[in-house]
Amino acid sequence: MTTIKDPTQAHPAQAHPTQAQLAAQPIGYWAREAAHLTMGGLRTALAEENLTQPHWWTLNHTAAAPAHWTRTTLTEKLTAYDDQNTDFDAVYDDLTARGWLTETDGTLTLTDHGEAGRLRARDRNARIHEQLRRGIDDAQYAATIDTLRRMVANLGGNGELPQ
């Protein structure tokens, strides 16, 4: 299983910093570290199934809307999340070659094997999310997401929740 190190275990003396100490921290550092460790943990978990994040996104979108997405429309949707310059046609071809994805009349649909693989990957990702949220209740998590999305909007980015 992939694990993300727990900083409170590495530095127990700093497990409960004061509000003033927290308010003085650089948001860029903590946002980058959280993103780096989260994406690294998820990418490692997906690699155990020989998948990348673009594979994962493809599996989830096609599972949610069978025979809805074409290669073009799904690529347009997923490109907004991609930071790896992904060749999405290669992803679709790979999933098709595995027998996980079919293309009929130009639309993409998961096979039973694809759904089984998606569920295995989902379970691996869930373990990373459980580790990430250890000791963080829903209210704290929601407040963190809300704060980050407002910061993004304040800096001119899109603060809307992704669809």
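**Contacts, surface and hairpin**

Me: What share of the contacts with a separation of 6 or more is between residues 24 or more positions apart?
Reply: The model is predicted, so local features need pLDDT of at least 70, side-chain atom pairs count only at pLDDT 80 or more, and totals for chains, interfaces and linings use all residues. Residues are numbered from 1 along each chain as its sequence is written, and side-chain values use heavy atoms, with hydrogens and water left out. A contact means heavy atoms within 4.5 Å. Among contacts in the protein with a separation of 6 or more, the share from residues 24 or more positions apart is 63%.

Me: In what order do the elements run from the N terminus?
Reply: Helices (H or I, at least four residues) and strands (E, at least two) are DSSP runs, numbered from the N terminus. The protein has eight helices and two strands. Their order is α-α-α-α-α-α-β-β-α-α.

Me: What percentage of the residues count as buried?
Reply: Buried means under 20% relative accessible area, with a 1.4 Å probe and protein chains only. The protein has 163 residues, and the buried percentage is 26%.

Me: Which residue in the hairpin of β1 and β2 takes a positive phi?
Reply: Strands pair if DSSP finds at least two bridges between them. Here four bridges join β1 (residues 101–104) to β2 (residues 107–110), and the two run antiparallel. L101 stands opposite L110 in β2. Two residues lie between the strands, and the residue with a positive phi, near 50°, is D105.

Key. Buried < 20%, exposed > 50% of the residue type's maximum accessible area, 1.4 Å probe, protein only.
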